[in-house]
Amino acid sequence: MSCTAVQNLISQYIDGRLSGAEADVVREHVQECDDCAQDFKDSQFLSRLLKENLEFPEPPKDLPRSVIRTVERTKPEK
Ligand SMILES: [Zn+2]
């Protein structure tokens, strides 16, 4: 599975919305891929943040690109 595909699944993984097989793919990929491991950590961090603070502000511009991408993805629907 490509990094892009894995990164698209990470937020669903963290929300517990992936099937067992998909969750395994994500888990195995982040163990071997530094980029996706970082994305995974960012997503976990942000999902905690979002649960604690649903009025999440716009992401600061100096955030790493991967974090901004994750914020866009995990932001609750308006
Ligand atoms: Zn990857």
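T70 has its place in helix α4. With 27 C-beta neighbours inside 10 Å, T70 counts as buried, because a residue is buried if 20 or more other C-beta atoms lie within 10 Å of its own, exposed if 12 or fewer, and partly exposed in between, with C-beta atoms placed from the backbone. This is a predicted model, in which local features need pLDDT of at least 70 and side-chain atom pairs count only at pLDDT 80 or more, while totals for chains, interfaces and linings use all residues. Residues are numbered from 1 along each chain as its sequence is written.

**The overall plan**

- The protein has four helices and zero strands; helices (H or I, at least four residues) and strands (E, at least two) are DSSP runs, numbered from the N terminus.
- Along the sequence, the pattern reads α-α-α-α.
- Of the 78 residues in the protein, 18% are buried.
- Among contacts between residues at least 6 apart in sequence, 61% join residues at least 24 apart; two residues are in contact if their C-beta atoms, placed from the backbone, lie within 7 Å.

- Leaving aside neighbours within four places in sequence, T70 is in contact with D39, D42, S43 and L46.
- T70 and I10 are 60 residues apart in sequence, yet their C-alpha atoms are 9.2 Å apart in space.
- R69 also sits in helix α4, which covers residues 65-74. This residue counts as partly exposed because R69 has 16 C-beta neighbours inside 10 Å.
- I68 is another residue of helix α4, and I68 counts as partly exposed with 16 C-beta neighbours inside 10 Å.
- From I68, D42 is 26 residues away along the chain and 9.5 Å away between C-alpha atoms.

**Where α1 meets α3**

- Helix α1 (residues 3-14) and helix α3 (residues 34-52) pack at an angle of about 25°, with axes 10 Å apart. Axes are lines fitted to C-alpha atoms, for helices over the stretch in contact, and angles run from 0 to 180 degrees between N-to-C directions.
- That angle makes α1 roughly parallel to α3: angles under 35 degrees count as roughly parallel, over 145 as roughly antiparallel, 65 to 115 as roughly perpendicular and the rest as oblique.
- On the α1 side the contact includes C3, V6 and I10, and on the α3 side it includes C36, D39 and F40.
- By class, this contact of α1 with α3 has six nonpolar, five polar and two charged residues. Here Ala, Val, Leu, Ile, Met, Phe, Trp, Tyr, Cys and Pro count as nonpolar, Asp, Glu, Lys and Arg as charged, and the others, Gly among them, as polar.

**Where α1 meets α2**

- The angle between α1 and α2 is about 115°, with their axes 10 Å apart, and the two helices are therefore roughly perpendicular to each other.
- V6, L9, I10 and Y13 of α1 meet E22, A23, V26 and H29 of α2.
- The contact of α1 with α2 has six nonpolar, one polar and one charged residues.

**The nonpolar core**

- The largest nonpolar core has six residues: V6, I10, V26, V30, C36 and F40. Such a core is a set of buried Ala, Val, Leu, Ile, Met, Phe, Trp, Tyr and Cys residues joined through C-beta atoms within 7 Å.
- Two or more residues of this core come from each of α1, α2 (20-32) and α3.
- Beyond neighbours within four places in sequence, C36 is in contact with C3, V6, Q7, H29 and V30.
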